[in-house]
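Have a look at the fold first, then at the two spots I picked out.

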Amino acid sequence: MSAVNPPAPGGGNKKVVLWAILTTSVASFMAGLDQLVIITALPTIKDKLGGSLSDLEWTVNAYTLSFAVLMMFGAALGDRFGRRKVFVLGLLLFTAASAAGALAPGISELIAARAVQGAGAAMIMPLSVTLLTAAVPAEKRGTALGIWGAVNGLSVAAGPLVGGAIVEHLSWQWIFWLNVPIGLILAPVSLRMLAESKVSGSRLDVVGTILGGIGLFGIVLGIVKGNIDGWTSPLVLGSMIGGAVVMVLFVLWENHTEHPMVPMRLFRIKAFTAINLAGTLMSVGMFGAIFLMTQFFQSIQGYSAMETGVRLLAWTAMPMVVAPLGGMVSDRIGGKPVVTLGLAMMTAGMVWWAFILEPGTSYVAQLPSLMICGAGMALFYAPLMNLTMASVKEHEQGIASGVTAATREVGAALGVALLASIFSANGGYASADDFVDGLVPAMWVGAAAVAAATLSMLIAPGRRASGPPVAQSASTSSSTSASSPTSPSPSAGTPAPVAAEEAAPAAVR
């Protein structure tokens, strides 16, 4: 059986742990921020580069599609060739694509640069989790991943605020130039401070990668285009049906190949399945709600892009405060109750917001719902990846984190498309009342999605649930890259940091 080449234990070296948290958190923030940072710059980009409304939408969608489709492949590359090595490659690719976006002479070139950015982010995001998990001792992992979750959760939601501030005070190109010095600093720091790890004897599943990529591309493309072209249009139906058929072929292939990219038996682990279902449903509600809230503040209540971002801080800034606390609590009582509470709070906040929505509803009246949603999102993100890591074997953690991140990206695309479709079917932009008529039922659907995520976690196996054990691999190689002079020297026979957890039953704690 394949085994992980473990990094040198970092539990006794606080400097290594702190650098691991810093580098992986900043990298994931940069990748997450660029999902929505461009939204507030679209009118300016249209004036400067031209292009139709559909072209402008693709500057957002190209990133989302590339990110979602290549996430699992990025994780698999890390398992095969080395997680640190591929992580740094992703940073350099993301940085180069950011520079290309800033220098783009036309809208087509900008769309292409955004697609390459998404490919770099697909290497950064899942591998940042596995590298951080390996660097932090098990008893502190919840806190470390809580910090990572706080930064990651903030990055997506803060995109409109950061983009609005940059466009207002600098120029739209600085949305991309900002990434360049950060990426150029992070790459050598990561090479020096992060220990290498990979799966011994791992092989790339080329057929599975192609099938999974085509299938996800078809489904996500259909979701993204559904609200634009109509859900019954040939392109949308063909994309979604074709994508679903290819995904069935992907599952069949993965069940029979000797070296699957995504071992289907992972989904026989109830904890892993519950985590991914909850993450997908949460993204449907959260991303759809943030998208519509931004429109409500700007189109109906007359705030500028930057003013809107400032008012959303009641939601978006909460993870920075609450997520680290949630991570520490999850270390003591387990992650399941923390995640479940967070989802329940998000549901309550969205229901509250749907009840009070009127064109003239004051910001003070909306503030409690925004804060409840923000705190709930923080509690959800804090222990999520720790739960994912604990539910699978160590040498499968890279691909597990890729699957979890990919399902959330698909959920985000679905959420924006689904809630926008409901909004359009019930209202529109003709008047303030018309907008609210569409927004209220869309918010109820978003709340229902998050409520379903809460139910998914409630029925997941708990810490005392019985189930088939996630077996530890028979042998663990001790060969570790020790390129960092600050890293402790690896010793033969030293177990990987999560080895003890792998023998536990597959239950969500």
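The points below go from the whole chain to single residues.

1. A word on the basis: this is a predicted model, where local features need pLDDT of at least 70 and side-chain atom pairs count only at pLDDT 80 or more, while totals for chains, interfaces and linings use all residues. Numbering starts from 1 along each chain as its sequence is written, and side-chain values use heavy atoms, with hydrogens and water left out.

2. The chain has 19 helices and zero strands (DSSP runs: H or I of at least four residues for helices, E of at least two for strands, numbered from the N terminus). Of its 509 residues, 59% are buried (under 20% relative accessible area; exposed is over 50%, partly exposed in between; 1.4 Å probe, protein chains only).

3. Among contacts (heavy atoms within 4.5 Å) with a separation of 6 or more, 84% join residues 24 or more positions apart.

4. Now take Asn276, which sits in helix α11 (residues 270–300). Asn276 is buried, at 4% relative accessible area. A polar atom of the Asn276 side chain lies 2.8 Å from the backbone oxygen of Phe272. Beyond its neighbours within four places in sequence, Asn276 touches Val403, Thr404 and Thr407.

5. Over to Leu237, in helix α10 (residues 234–256). Leu237 is partly exposed, with a relative accessible area of 39%.

Methods
A polar contact is a pair of N or O atoms within 3.5 Å; within protein, one must be able to donate a hydrogen and the other to accept it, and residues adjacent in sequence count only if both atoms are side-chain atoms.
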